[in-house]
Structure formats: C-alpha cells, structure tokens
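User: Hi! Could you walk me through some charged pairs and surface features here?

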Amino acid sequence: MSYAKISQVAHYVPDQVITNNDLAQIMDTSDEWIASRTGIRERRISQSQQTSDLATEVAKQLLIKSHLGAEELDFILVATITPDSMMPSTAARVQANIGASRSFAFDITAACSGFIFALSTAEKMISSGVYKRGLVIGAEVLSKVIDWQDRRTAVLFGDGAGGVLIEASDQKHFLLESLQTDGGRGQALTSSYQGLASPFSAKEDSHLSIEMDGRAVFEFAIRDVVATIKKTLSDADFTAGEIDYFLLHQANNRMLEKMVRKLCVDREKLPANMMWYGNTSAASVPILLSECIAEGKITLGSGQKLLLAGFGGGLTWGILLLTI
C-alpha cells in the first residue's frame, strides 16, 4: 500500500511592502479602519514578477532544501486564480523554468481552497503507486485583479506563493479530508468574468476585478466551514484538543477569532500571518505552514497533527487532517 507525506515546505513573497497608511494615500481609508476590521497591517505587492515567477521561486527552494534535481519530479500542480495566462498554464511555466523535463504539470482553480484541493489531488496520485514525488504550490498575484479604488476589497488582498514537496511514504500521513463546493452561492465572491465576444452578437462586458459580498462570505466561513471542520474531526474520532495546530485560510482576524470560539480551542492553536500578507488566496495556507515550520512551531517528521482548511470563492471549502 502506497501512502504520501509532506517532506519539505517553502514560501516566497515579493519585496514591495504596502502598508495600510500607503493605501490611505490613494483611497478613503486608514490604518485603524483596516486593522480593526481585518487584522491586516500590510501586504506584499508584485512590481515585476508574474504568478509563475513567484511559484518558480518556491519550486527552486523546495528542490534545494530536499537535495533533488528537477528531473526527479513526476508532477507539478499550481493552485491559482491569477495565472499568467490560460495557455500555457502557470504550472507548465514553472516546469519549464526549473527544467523538470519528466514531470507533467497543470493548474487547479478553486480560489482560496485551491491549495487544499491540489494537495488532496497530489496525495491521491502518490497513493496510486504510479508517482513518487511532486510539487504542490499555491501562488497568486491578486494585485492584477484588484480594483484599487474599492476600499472594500483592495485593502484585503496581497501577493505571494507557498508550496510543498509531496513524496511516497510507507506510513499513512493523510488521515481524512472533506472537499466541498456550493456553486449556488458562487456570486458571493467573484473575479475575472470573461464576456462573450461572438462576431454574430453583441459583445458582453468583462469584469476582471474581485467583487465580494463580505457579510455572506463571513457567515459562510463561520457556519459552513466550522461545521465541516467539526464533522471531519468527529469522523476521524479526534477532538479539537488533540490537534496541534489548525492552519486556516488567512482572510480576516475577526473571522479566526470567531472560529476559535466555535471550535473551543486555544487561540495559540490557530496561528495567523494575515497582518503581514493580507489574503493571498491559494497561497495563504502553504505560506502559513512554511512560516510555522521556519519558526519552530511545527517540525517536519514530528508526527504533529494538523488540520488545514481553505475556503472562499466558488464557494469552495476544503479540510485536510494529516500528520506532518
């Protein structure tokens, strides 16, 4: 029986830091207004690097840390809603950039749940016994799809990338998962609508920027995502207290605080970094995981129990319960 494990992690963010005070120079907002409502103080914004560039930096780090050559990879999966282009995929660009000639590569689009969906997909491919190792990366340049005059959304998002090397293992590490979609509520969070452009009918408008019903998304996270976390723990016969860390999508600190209360766990078990990066969508969870390992909270190979959760546009949400 083949199993899969996360054997290495990495993250990368652009150099440019944009603070709340910087945003107050171009829109009607303030540091106090943003921080009190979201917990966000600053974010990273790309000046010259595309999504594939950020993902490539993560891929290079993963290869260096694991002492692997790119030709030893079987696949590359990139979760993103801000690809460089639809063709070739961002993952294909990463494959070319690092010279991973043997690997196949494709993108997964599931917004803020994208990394969870991609990691679940990679785990199944490894567990099939056909593939031995691959990269799973969440990468976003959300600054490309932000309306910088809309303070409701512009203050929330940032750019960055994070990822993992996933490899075959003789022990079970991925314990249980729950992947969910409710397209009926998808209009609560949208971006990059491409209008029809037939030469035989009127051209439709395209809407590239992010549009969000903040209250609907907040309530969705507090109700549906928390309920799924509780059910996943129950199905796995775990209590919340037995989980070492809950690595949840970094969208809003108020949201995390409410989730803490509903899950009845110590706040220290829900690490946060949205204050420095904002909401980085598919990159959010892997950046947080990488930072927690760099800080010594989480140790690779320790057997610590983690619950990873992504949730957002689609509407999508995904839960992965695993040991690291």
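User: Happy to start with a salt bridge: how far apart are the closest N and O atoms of Lys124 and Glu177?

Analyst: Keep in mind that this is a predicted model. A salt bridge needs a side-chain nitrogen of Lys or Arg within 4 Å of a carboxyl oxygen of Asp or Glu. Lys124 and Glu177 form such a bridge, and their closest N and O atoms are separated by 2.8 Å.

User: Which parts does that pair tie together, and how far apart are they in sequence?

Analyst: Lys124 is in helix 5 (residues 114-127) and Glu177 is in strand 8 (residues 174-181), so the bridge ties together parts whose separation in sequence is 53 residues.
Lys124 is partly exposed at 39% relative accessibility, and Glu177 is partly exposed at 30%.
To end on the separation you asked for: 53 residues.

User: Now for Arg152 and Asp150, which meet in a salt bridge: is Asp150 buried or exposed?

Analyst: The N to O distance in this bridge is 3.0 Å. Arg152 is exposed, its relative accessible area being 60%. Buried means under 20%, and Asp150 has 12% relative accessibility, so Asp150 counts as buried.

User: Which helix gives the largest share of the positive patch?

Analyst: The surface patch of positive charge gathers Lys230, Lys258, Arg261 and Lys262. Lys230 sits in helix 7 (residues 214-235) and is partly exposed, with a relative accessible area of 44%. The largest share, 3 residues, comes from helix 8 (residues 253-263).

Note on methods
Residues numbered from 1 in each chain as written. Predicted model: local features only at pLDDT ≥ 70, side-chain atom pairs only at ≥ 80, totals over all residues. Heavy atoms only, no water. Patch = residues over 30% accessible without salt bridge, like charges linked within 9 Å, V, L, I, M, F, W, Y side chains within 5 Å. Areas by Shrake-Rupley, 256 points an atom, 1.4 Å probe, with all protein chains shown as cover. Lys, Arg positive; Asp, Glu negative; His and termini not counted. Charge placed at Lys NZ, Arg CZ, Asp CG, Glu CD. Helix = DSSP H or I, 4+ residues; strand = E, 2+ residues; numbered from the N terminus. Buried < 20%, exposed > 50% of the residue type's maximum accessible area, 1.4 Å probe, protein only.
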